[in-house]
Amino acid sequence: MRLAITTLLAVSGFLAASLSVQAAEPTYQGQFAQGGIVFGQTDAGVQVLLDGDAIDTIAPDGRFILGFPRDYEGPAKVSIKHANGSVEEFSYDIGDREFNIQRIDGLPPKMVTPDPKVMSRIKDDSRQARDARTERFTEKFLENGFIWPVLGPISGVYGSQRILNGEPRAPHWGVDVAVPTGTPVVAPADGIVTLAHPDMYFSGATLFIDHGLGMVSAFLHLSEIDVKVGEVVKQGDLIGKVGASGRATGPHLDWRINVGAARVDAQLLVPPMDEAQKAANANN
């Protein structure tokens, strides 16, 4: 999972700064790469489009976020539409990535190929998840950047092709941290809770936090949820506890990030796990 592009580690300083822009060309920090996340800044009062589609949420000061799915090929075409109707267009190459293949055996057959009787439940779970991701906030929740919601061994990474009980399935969209049931999970960044579901079919106890500008964290397979929908959380606040609910072979946290409809790589927002663990040990 090596990239030739600098990993985003200093989100906070970028988002908090007031950046000057010439000729309305946005300034960026992040990764123009498959699964990448890019924080942009442009003039206030303009509309931003990616590949012809308007970005749903732009802050009053011109901040916005771009997310690129796993299989996005690019180039990314960013358009800036001014109030007078004029449009400026910019094109950015997208870095390709190689993704792992992950084989998971021993899952109950019903978790790989669900019984038709539970399909209505699965569809309703998906509807609730979509609804929880449509909230749009422009508050400056992202000024402090991101931290790991839990520290421990990484057992699964974004983009891995999943082979479940020998059958190819959709890629894995999160980063898995394998720690014992009951391990506290903290908010990786400020935000508002938009979903707190005790038992979804695949993801078990599931929690969503909207960090603003279309960026939403999801926390799956929890054993306990300690916050409620509508609650504002701060970075480092306790939000739940690790579990093995839903489709899981053992206790772990599955942390996922969406930017709008794009499923992106949460690991690009935080330092490498070994560095985070060393820093945490040094502070204890």
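Student: Why is D51 counted as partly exposed?

Tutor: Its relative accessibility is 38%. Buried means under 20% relative accessible area, exposed over 50%, and partly exposed in between (1.4 Å probe, protein chains only). D51 therefore counts as partly exposed.

Student: What sort of model is this?

Tutor: It is a predicted model, with residues numbered from 1 along each chain as its sequence is written, and side-chain values use heavy atoms, with hydrogens and water left out. Local features need pLDDT of at least 70, side-chain atom pairs count only at pLDDT 80 or more, and totals for chains, interfaces and linings use all residues.

Student: How confident is the predictor, in terms of pLDDT?

Tutor: pLDDT is the predictor's confidence in each residue, from 0 to 100. The protein averages 88, and 91% of the residues score at least 70. Residues 1–23 fall below 50. That stretch still has 56 contacts (heavy atoms within 4.5 Å) in the model beyond near neighbours in sequence. Where pLDDT is low, the predicted coordinates should not be read in detail.

Student: What sets the phi of D51 apart?

Tutor: D51 has a positive phi of about 55 degrees although it is not a glycine. Most residues other than glycine have a negative phi, and most peptide bonds are trans. D51 sits in the loop between β3 (47–50) and β4. Such labels come from DSSP runs, numbered from the N terminus: helices are H or I with at least four residues, strands E with at least two.

Student: Where is H221 found, and is it buried or exposed?

Tutor: H221 belongs to strand β16. Its relative accessible area is 4%, so it counts as buried. H221 also has a positive phi, about 65 degrees, without being a glycine.

Student: How do you know that the peptide bond from G74 to P75 is cis?

Tutor: Its omega is near 0 degrees. P75 lies in the loop between β5 and β6 (76–81).

Student: What makes the pair R63 and D61 a salt bridge?

Tutor: The definition asks for a side-chain nitrogen of Lys or Arg within 4 Å of a carboxyl oxygen of Asp or Glu. R63 and D61 come to 3.0 Å, N to O, so the pair qualifies. Side chains of opposite charge can pair when their charged atoms come close. R63 is buried at 2%, whereas D61 is partly exposed at 30%.

Student: Which salt bridge joins D61 and K140, and at what N to O distance?

Tutor: Their side chains meet at 3.9 Å, N to O. That is within the limit, so this pair counts too. D61 lies in the loop between β4 (53–54) and β5 (63–67), and K140 in the loop between α3 (119–132) and β9 (154–156), so the pair ties together parts 79 residues apart in sequence. K140 is partly exposed at 43%. D61, R63 and K140 are linked in a network of salt bridges. The whole structure holds eleven salt bridges.

Student: Why are D124 and R127 separated by about one helical turn?

Tutor: They are three residues apart in helix α3, so about one turn separates them. D124 is partly exposed at 31%, and R127 is partly exposed at 37%.

Student: What makes a space a pocket?

Tutor: On a 1 Å grid over the protein atoms alone, a pocket is an open set of points with protein on both sides within 12 Å along at least five of seven lines. A cavity is a set where a 1.4 Å probe fits but cannot get out. Lining residues have an atom within 4 Å of a point. Points are joined across faces, edges and corners, and the volume is the space filled by probe spheres set on them.

Student: How much space lies in the largest pocket, and which residues lie nearest its centre?

Tutor: About 970 Å³. Of its 40 lining residues, F202, S203, L220, R247 and R256 lie nearest the centre. Helix α3 gives the largest share of the lining, five residues.

Student: How is G35 shown to be buried?

Tutor: Its relative accessible area is 0%, so it is under the cut-off for buried. G35 lies in the loop between β1 (27–30) and β2 (37–41). Among the residues it touches, leaving out those up to four places away in sequence, are F68, R97 and Y158.
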